[in-house]
Structures are given as structure tokens and as C-alpha cells.
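Here is a friendly note to go with your first look at this model. Please keep the structure open beside the text and turn to each point as you read.

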Amino acid sequence: MAADTPDAITLNSWEDAFKYPVPTVRRLEQELRRDAESNRDKLRSLVGVKYRDLLETAQTIVDMNTDIQQVESTLSSIGRRCNPRSIARKNDHIHELNNDGFKSGKRSAHGADPRDTCNRANVTIDDGRQLKAHLCLLRSCTNSIVKIIRERGSVVLAAKLLVVSRLLLKALSHNENAPPFVNSLKKNLASLRATLLNRIKLRLSAASITTDKLVQALCAFCLATSSSSNDAIRHFCDVRKNAIGEQITENIHSDGVLIALQLYLQTLRQTDHLLNGPLSAALEKLTTQPLLADPEILCFGELNMDLLKPWILEDIRHFTPWIKYNDIPKSERSTQLQTWSKNTFKLFSSQAKLKLEAFQNFEDILDLRKKLLESWLIVQSSTPTHSNLEVLEGLRDIINHQLILILQGQSEGIANLGREITSAISCLSTKENGNIRNSLWDPKLASVDFSEGAKSFKSEVVNRSLGRGTESLRLLDSYQTWLRAVEARASLIHGMKADNWEDIVEDDSDEDVIDHIYGCLTEDDPALLQEEHQNSLKKGFKGLQAALTDVINLFPESHKALKAVFLLRMIREIRNKIPSKLLDGEQLHFARNMTPELHTIIATDIVTQLSTHITKLKPLKNILRCSGRTLWEGKPELPVQPSSAAFKLLRKLEVSMEDLGPDLWNPTALSVLKAEFKRAINKLLEDSHAKELADSKTTSSENGVAQQEQQTFSGDDSSTQQDCKIQLLFDLMYLEMAMKSNTATQENSMTIHTEALQAEDETMETLRKRSIAYWERTRLLFGLLGC
């Protein structure tokens, strides 16, 4: 069998391997796996051996690239300095200096005293060379300052050159032979001074500046403005204060507040460090030697100091800057820091509150709260401030102020829902453009998608069962979106209690301070926000209830019941989804006083539509035979079932209720409908009885002939009328059973008045038993009425 195993290399595709028997394919698979594992091990060992060589080669390439860039930069600089024009210009300057000496010597040959003539010539030569050296050095200084600023070089060197330029300008201003363009150089120097100070200001305001660069910037400021060390530190604090305000106002994101706080804390630490001596030491070093003896200036090739220095005025060559510096006592240092800290933090707090008012994302503000507190708590014991407690309380106040505003503003969402409901109701005129309810038995329901556990089908069944139309679903979706945001905020507030601030606070902090911080951040703040959250929700739902109450008062007479149905369903949806945990069960009181009025409107409209059917319960006066008389049973014969008019009336009532939707008819609504129905029947009986009394008075005044004719037919008429009254009495008892309710309210205690139709006690008892029995047999035919 081994000889039958093919070589894997000879296979052209994977399909060729399956032309062999299964055992052969398995051996082939094992062989391929062994080869792959062997190749993997060889590759791993090869890479491991050559890995260090690969890293060394990469590092060599990087170093070569750096060296090449340096060589190119050096060659480029040499090329700029050795260009023909520059060399020619320097050669011309040397010839001019030599020619001046030659001409002065030639003029001295015509004098009387050769020694006096020689002295005057030497003075003239020196003045001319000094003027040209001053002009050349001044022009080189201004150009060098521009170059340093453009290339973001050393601001200290630029400040030193600025001081030298000022000295040269002062010397030139006293020279009568100075050319006119000196005034132009003076203006350029003033502009360069402003640019340099602006560059120093930008460096001082940068949050990423190191202590060394900060000291250099302050030294440059002292040189450029002849300020003392105290003035420099005061300027630094003012610049940082403005920078803190700009970080908050100019940053479009909320992170500007965090950057401003970090800049505030960094400024306090850096200022305290500067007041301890580094700045004084750096300024002292600047005053130890003349500026033109500074190696940094001597090595600056563009100035040509090796050629020009001998011709520079001696006062300029030996000028040493004098800067006032002294160590501030610790008490004054602390007072100065506390004053600046208090004023700056007050500015920070006011600007931060105004800035955060534009941000309404609750989660983002909580994230910012955590970052702010972390930035402060990590350094709170090592940062000199006016009061650590006030800083903590200030940060809490900034964040809590905005969080409370957001929580108070969330009631606006439920207010918008109230306005949307009002607008939807005002546009509700007919069933076609209103909130028409789709039937649960619509054949289209069977074609709904049944995938994913019949999610769509179940949702459609629920929506149809609860009478949710298109408009209702839209408003319900808006309400649920608002609820999700409310629940998310509640969850975030609860999550504040789980934050562990003890691990963030510095280890050398006092235990009492740690306990105070932990209590404020994990107990007081969540409790405050939770209380405000509950109050805002209660206020929002009360406002919504007031708005819906106003809607009821503005109902027009047309389509009043349709609007009441829509509003009743929306109240039910809102009430069922109120977050009970946040409102302590107060959702049971929402719109409780409104629903009875809405039930009354709906019940009145239904009964009004059935008024014609209710009047048919009363038989006609001249009827010849009682309807259903042949079905009477017993001795004496009495009805055993209601008349067709009574049965149809109940059926019409049940259909009207079904058309509006079975979801509306809870026990309270059903009791209101039954009470209104009883009231309509009682009104019918009262009107009928009053009419009979009026008719009896009219017939008593007729003549005797008419009485005789009436007596002829009185036997048959009285029998028929008596049967009709008994049938009506049975119908009323049957309707009384149908309108009976299990809830004990004042409306349900009302009964149908049958006093005008009273019969014998035995007859009444029989009719009552038969009506009860018939209702028990037929109650399920009337659906909602039988509940």
C-alpha cells in the first residue's frame, strides 16, 4: 500500500488527491502536515539566527540617513556663505577700509606738522571704520534675529542680539555721519522686538514647555524688556492666566476645560519651582560676562565678529547686562501664589460653566468630570494652591452645575411629546386620516414575516391588539427614545457610586481628606443628581398631564369621541412605561383624573349613536300583537327571552365597542358605559310615562260615542298592551343583567326604573329568574359586555 501513496509534489490540485482511496488520502494528509511543520521549524530557526543582523542593518540605514541629512545641511550652509556675491561684497568692504586709510594718509602729506596730521588721520580712519562696523553688525544682528525667529531657534540668543542692536542704534544716533537708513533699521528693530516678545509669549503659554525652555524664555523676556525676575514671573503668570481662559473659550470641544485645568496646575508647580531659584541662577549667569564675549554670539558666523569686533565701540564691547534678581521669602512666595491661584481659578470656574452649557451629552460630561478630578487628585497634595478644598468644591460645582442643567432640560423632551400629541389630535378628523385601528383578523396579517422567531409577527399582533395606529406608533417611538435616554442617565448616576477614587489620591494624603473626597464624590454627588433627576421627571410628567388636560378642554364637538380614544390610548402607553424606580410609584397618579372624563365622552358618543335603537324598545301604541308572544311559556304564560329589539340593541352596543377597540374597555370604562346606557333607558321610560299621563287626560274629555266605540275594542287592546308591557319588563330586566358591573361605584349603583311597569310579585319574580337564566346562557355572545 505504501507504494500506492502518491507524491504530494506531483499533484496539480487538491482535487487530484481525492481520486485515491480514503486511507491513501489520510496518509497523504499526514505527510503534508509533517512537511509543513518541518518547514515552519526551519523558517523559525532561520529568522531567529538572522534577526539581530536584520535589526543592525536597519539601524545602520537610519544612521546613514541622519548623517547624509547633516552633510547636506552643512554643504548647503557652506554654499550660501561662499557664494560669489558674498565674497565679492566682503572683498569690496576690505578695499574700502584700505582706501580710506590711504586717502587719509595722502591728505596728511600737505600738513604743517606731520605728527598732528598723522593723529588726525588716524582718528578719521577709526571713525569711518567704526561707523561701518556698527552698520554692518547692526544689519547682521537684525537679519540674524529674523532667521532665529523663523527657524524657531534660541530666544535667548535673539534677545542678546536685540540688546546689542539697541546699543548699536544708540551709538549711531549720536554719530553725525550716520546714513539716513538707520531710522529704517530702528523701525525694523522695534518690529522684531514685538515679534520676539510674541514668540516668548507663545512659549510661555504652551502647556508642553519644559522647565529649561521656560527659564530660557523668561531670561529672554528679561533681556528684551529690561525686567527684573519678579516682573518676569508676574508676566509669566499673566500670560498663563490669559492662556487658561483662551483654552476654554476658543476650543470647540469640552476637552478645552481639561487642558485649562492642567495648565492651571502646571503653572502653579512651575511658578513655585521658579521662585525657588532656577530663574535667579540663570539670570545671574547672564550678568557674568559681556554680551559680545558670549561664546554663543562669537560662534554665530553670520555676525563676522572676528572682523568687526576690533572696530566696535568699547562701551558696546564691554557691555554686561544688569538684571535685578533676588530670592523671594517663602511667606511672600506663598502669598503671591495663593493670590494668583484664587483669581485664576475663579476665572476658570466662570469660563468653564459658560463653555459647558453648550454640551448636552450627559455621558460626555461625566467622562469630563472623571478626567478633571483625576488630574486634580493625583497632584492635589503636591500643588500649592489657595485651598485644596475650594479647588475640589469648585470642580464639583462646575460639573454638577452642567449635569443639573441637563437633567432639568430633559423635561423638555416630554414637553415636546405633549406638543406632538396635541398636534396629532388637532389633525384627527376622520378615521381615514386619523389613527385607524387595523383588525386582528385581517388576512394581510398572515403574510407578515415569520423569520427570527416571528418577531415582526408578534409585534404586529401586539400593536393591533392595543389599537396602535401609525400616528400612535410614531409618538410611542418618540416617547421610548426619550425614556431610553432617561434610563441611561439614571444608570450613569448609579455608576458614579462605584468609582474608586481612593487609588487615585496621592499616598501621602491625610486619611480624613481621603474620606472627605470619597464621601463627596461617591455619595453626595450621586445623591444630589439622583434627587434632581427624580424632580425633573416629576415636573415633566406633571407638565405633560397639564398639557393633556388642556387638550380635553379644547375638544371640538365633531369627532370628539375619536379624539378621546386616541388620547386615552396615549395616556395608557405613557402610564405603562413610566420608570417606576425613578418616580417612587407615582406613575399610578398620572392622568388619573383625566380618564373618567375621557370614558364619559366615549360612552356618551356610543349611547348617542344607539338612541334610535333604544327608542325601539318601547312598543308602538297601536300595535296589534306583541312581538314574540307565541314563544311565551308557563302558566300563566310569560316571556322566556328578550325581544328582537333588546337583543339587537345589545348587539349594536357590543359592535360599537368592538369598532373602537377592545383594548379601551377596562372595568372602569365598562362601568361608565353601562351607567350611561342605563341613564339613556331611564330617560326613555320617564319620557314615555309622562306622555302616557298626558294622553290619559286628553282621552277623558272625549264624548260618549267615542267611549262606546272604544269599549267595543277595549278588550283586545288592553290584552295586547299588557303583553307588550310584560315583554318590555322582561327586556328591561335582561338589560339590567347585561349592564350589571362588578365594580362598586356610584354610577353602577343606578338601576333601570321599572316602577311604571310593575306587575304581580309572582310574575315579577318569574320574569327576574327567567331574565337571569337567559343572560347566563347568552352573555358570551356579547363579548366585552359579558366580562
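1. The lining is formed by Ser229, Asn230, Ile233, Leu274, Leu275, Gly277, Leu279, Ser280, Asn326, Asp327 and Ile328. Helices α8 (229-250), α9 (255-275) and α10 (278-286) each give at least two residues to this lining, and the largest share, 3 residues, is from α8.

2. How much space lies in the largest cavity? About 60 Å³. The whole structure has 4 cavities of 30 Å³ or more. A cavity here is a set of points, on a 1 Å grid over the protein atoms alone, where a 1.4 Å probe fits but cannot get out, and lining residues have an atom within 4 Å of a point. Points are joined across faces, edges and corners, and the volume is the space filled by probe spheres set on them.

3. Some background before going further. This is a predicted model, in which local features need pLDDT of at least 70 and side-chain atom pairs count only at pLDDT 80 or more, while totals for chains, interfaces and linings use all residues. Residues are numbered from 1 along each chain as its sequence is written, and side-chain values use heavy atoms, with hydrogens and water left out.

4. The protein has 28 helices and 0 strands; these are DSSP runs numbered from the N terminus, with helices being H or I of at least four residues and strands E of at least two. Of its 787 residues, 40% are buried (buried means under 20% relative accessible area, exposed over 50%, partly exposed in between, with a 1.4 Å probe and protein chains only). Among contacts with a separation of 6 or more, 81% are between residues 24 or more positions apart, a contact being heavy atoms within 4.5 Å.

5. Now find helices α15 (residues 362-377) and α16 (residues 388-409), whose axes come within 10 Å and cross at roughly 175°. The crossing makes α15 roughly antiparallel to α16. Axes are lines fitted to C-alpha atoms, for helices over the stretch in contact, with angles from 0 to 180 degrees between N-to-C directions; angles over 145 degrees count as roughly antiparallel. The contact includes Phe362, Leu366 and Trp376 of α15 and Val391, Leu395 and Ile406 of α16. Its residues divide into 14 nonpolar, 2 polar and 1 charged.

6. Most residues other than glycine have a negative phi, and most peptide bonds are trans. Ser226, in the loop between α7 (211-225) and α8, has a positive phi near 55°. Ala591, in the loop between α22 and α23 (595-609), also has a positive phi near 55°. Are these residues buried or exposed? Ser226 is exposed, at 61% relative accessible area, whereas Ala591 is buried, at 0%.

7. A cis peptide bond joins Lys635 to Pro636, with omega about -5°. Ser643 is buried, with a relative accessible area of 12%. Apart from neighbours within four places in sequence, Ser643 is in contact with Gln727 and Asp731.

Definitions and conventions
Parallel < 35°, antiparallel > 145°, perpendicular 65-115°, else oblique. Nonpolar A, V, L, I, M, F, W, Y, C, P; charged D, E, K, R; others polar. 1 Å grid on protein atoms, 1.4 Å probe; cavity = no way out; pocket = protein on both sides within 12 Å on 5 of 7 lines; lining within 4 Å.
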